[in-house]
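Dear colleague,

Here is the structure I said I would pass on. My notes on it follow below.

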Amino acid sequence: MCAAPTDDRDARHVSLASFGEDATSRLRAAHVLIIGVGGTGCAAAAALAAAGAGTLTLVDFDRVDASNLARQPLYTPADIGRDKVAVAATRLATQHPGISIKPRAERLAGEALQAAVHAADVALDCSDNFASRFALNKACVDTGTALVSGSALRWEGQVAVFGPDYANAPCYRCMYSDHDEALDDCQGAGVLGPIPATIGTLMATEAIKRVTGTGTPARLSLYDGSTGEWRQLGVSKNGDCPVCAAR
Ligand SMILES: [Zn+2]
């Protein structure tokens, strides 16, 4: 499917240098998988839907909680207790009726996760724990799918892009050793409300670049909201990585 970018909504993309009608059409034909529709996932999904990504699959088994509302703007107090993906899909479809949104209120693992990743052009890791992050990374490496990783904690956030050439480039797992699995999540350590939105919006930009073949993928980008400073780092392929080293 490749819808023609005739709509006024696409005007600013069509007139954008190095983007134009071709990239706009590729974006309309793209399928983006978003794992986790919390802070980063809400922002990424909202930006991608508004930009005209043709198909979004949203995966999250969680339900809306009052503590989510400070940083997850797709949800309102009336949504508390409902499945996040159902609420997010309804809200995004109302705002952007031209795109297809597939909500999946489940915890994907194993072959189901691999199939979902394989069906997408790019996967966004908007999850909040290392077990999910490592499982999604493995599925991306196994299927040769690009991964946009993002996270936010306390005053800080980070974004990085991996793959799809995992034989010659690092995967997400290359950055961590086994004992890193016990790192904090935002429930325990807290997070400032706008930080996940900052990171999720950047993830959407990286996904758009990936599916349209425009721009250059971001290096590992680290943001410290307490000082407003950014740092960019290179990630090296880890020869002992349990996921990608043998590829
Ligand atoms: Zn690796």
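Buried residues make up 46% of the 247 residues in the chain; a residue is buried if 20 or more other C-beta atoms, placed from the backbone, lie within 10 Å of its own, exposed if 12 or fewer, and partly exposed in between. This is a predicted model, in which local features need pLDDT of at least 70 and side-chain atom pairs count only at pLDDT 80 or more, while totals for chains, interfaces and linings use all residues. Residues are numbered from 1 along each chain as its sequence is written.

The chain has eight helices and eight strands (DSSP runs numbered from the N terminus: H or I of at least four residues for helices, E of at least two for strands). Its C-alpha trace spans about 50 × 40 × 40 Å along the principal axes.

Ala 105 sits in the loop between strand 3 (100–104) and helix 5 (110–118). This residue counts as partly exposed because it has 17 C-beta neighbours inside 10 Å. Beyond neighbours within four places in sequence, Ala 105 is in contact with Asp 60, Phe 61, Asp 83, Val 85 and Ala 86, where contact means C-beta atoms, placed from the backbone, within 7 Å. Ala 105 and Val 85 are 20 residues apart in sequence, yet 6.1 Å apart in space, C-alpha to C-alpha.

Regards

How values were computed
Two residues are in contact if their C-beta atoms, placed from the backbone, lie within 7 Å.
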